[in-house]
Amino acid sequence: MNSIKIFSVFLLMITIVFTSCNVKKNTVVAHRGAWKKNNLPENSIASLRHAIDLKLAGSEFDVWRTTDDSLIINHDAHYNKLLIEETNYADLIKFKLSNGEKLPTLHEYISEGKKNNKHTLLVCEIKPSEISKERGKLTALKTVETIKKLKAEKITSYISFDYEILKQIREIDKVTSLQYLEGNKSPKEVKSDHISGVDFHYSVFQKHPEWIKEAKENNITLNVWTVNDADIMDWIVENNFDYITTNEPELLIQRIKNKK
């Protein structure tokens, strides 16, 4: 089978995965879970649960690896002023989240994300390592391994600012959804490396509106982050993005309804 046919099969399989998660145009992805309206901790089990209860198309979360190889969910490199990559998990969980939860592990987070979930894609952002590129790539491999062990690969997609992390995942998984975050490559470039889509800050698309058309013409996923302003939401909706990542999922749902 030649390379063109292989990639055509790959795109078809990605489409099947996305369809199974009820993906529609202008679908809402909660950034770090649906946390803001109810004042929940970001990246908490509670914020994930609320995103699922809202039946959002996706809920994004962030993965780091501790010095003792625990994969944990947190946005920043530091937690309670401790550098996660240089701290044992037992020391991190001495400090509770604002709602009393402990810092969740990837295993706990994905396990919760599978419960009573027929709508919400788990959008896994793998953070580039603060220590070394190789450490980040190993974190990616361990993350994919954990998700596969939990049999959650069909409801999980991967995003990263580190292009090499995405290419590393593609080497071991030919069909999973991968989206690039940095905004320094065109949709054509991303597709040529078998990355499934672009997921750029909205300002990138404002600077390069031609990339919206290019992504659609190349049949790759078109996502945008982090859209919290109503006017920007309306512009994104009008341009028919596949996903819109936001801290304001309830507001975005209403803006989408208003456009129908």
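**Figure 1. Charge, fold and overall dimensions of the predicted chain.** The chain carries 38 positive and 36 negative side chains, and the centres of these two sets are 6 Å apart. Lys and Arg count as positive and Asp and Glu as negative, with His and the chain ends not counted; each charge is placed at NZ of Lys, CZ of Arg, CG of Asp or CD of Glu. This is a predicted model, in which local features need pLDDT of at least 70 and side-chain atom pairs count only at pLDDT 80 or more, while totals for chains, interfaces and linings use all residues. Residues are numbered from 1 along each chain as its sequence is written, and side-chain values use heavy atoms, with hydrogens and water left out.

The chain contains 11 helices and 11 strands. Helices (H or I, at least four residues) and strands (E, at least two) are DSSP runs numbered from the N terminus. The chain is as compact as a globular protein of its length, because its radius of gyration of 18 Å is close to the 18 Å that the globule rule gives for 260 residues. That radius is taken over C-alpha atoms, and the rule is 2.2 Å times the number of residues to the power 0.38. Along the principal axes, the C-alpha atoms fill a box of roughly 50 × 45 × 35 Å.

Figure 2. Of the 260 residues, 54% are buried. Buried means under 20% relative accessible area, exposed over 50%, and partly exposed in between (1.4 Å probe, protein chains only). Among contacts with a separation of 6 or more, 58% join residues 24 or more positions apart, a contact being heavy atoms within 4.5 Å.

Figure 3. The search of the whole structure gives 8 aromatic pairs. Rings of Phe, Tyr and Trp (its six-membered ring) pair if their centres lie within 6.5 Å; planes under 30 degrees apart count as stacked, over 60 as edge-to-face and the rest as tilted. Tyr163 and Tyr180 make an edge-to-face pair, at 4.7 Å centre to centre with 70° between the planes. Tyr163 belongs to helix α6 (residues 163-172) and Tyr180 to strand β8 (residues 178-180), so this pair ties together parts 17 residues apart in sequence. Tyr163 is buried at 8% relative accessibility, and Tyr180 is buried at 3%.

Phe200 and Trp211 form a tilted pair, because their ring centres are 5.9 Å apart and their planes stand at 55°. Phe200 is in strand β9 (residues 197-201) and Trp211 in helix α9 (residues 210-217), so the pair ties together parts 11 residues apart in sequence. Phe200 is buried at 0% relative accessibility, and Trp211 is buried at 10%. One aromatic cluster is made up of Tyr163, Tyr180, Phe200, Phe205, Trp211, Trp235 and Phe241.

**Figure 4. Surroundings of helix α2.** Helix α2 is largely enclosed by the rest of the structure, because 7 of its 9 residues are buried. These buried residues are Ile45, Ser47, Leu48, Arg49, His50, Ala51 and Ile52. They pack against β1, β2, α4 (106-114), β6 (121-126) and α11 (249-259). Just after α2, Lys55 has a positive phi of about 60°.

**Figure 5. Asp234 in helix α10.** Asp234 sits in helix α10 (residues 230-238). Its relative accessible area is 11%, so Asp234 counts as buried. Leaving aside neighbours within four places in sequence, Asp234 is in contact with Arg255 and Lys259.

**Figure 6. Three loop residues.** Asn39 lies in the loop between β1 (27-30) and α2 (45-53). Asn39 is exposed at 67% relative accessibility, and its phi is near 55°, a positive value in a residue other than glycine. Asp69 lies in the loop between β2 (58-65) and β3 (71-73). Asp69 is partly exposed at 41% relative accessibility, and the phi of Asp69, near 70°, is again a positive value in a residue other than glycine.

Ile155 is placed in the loop between α5 (133-149) and β7 (156-160), and is partly exposed at 21% relative accessibility.
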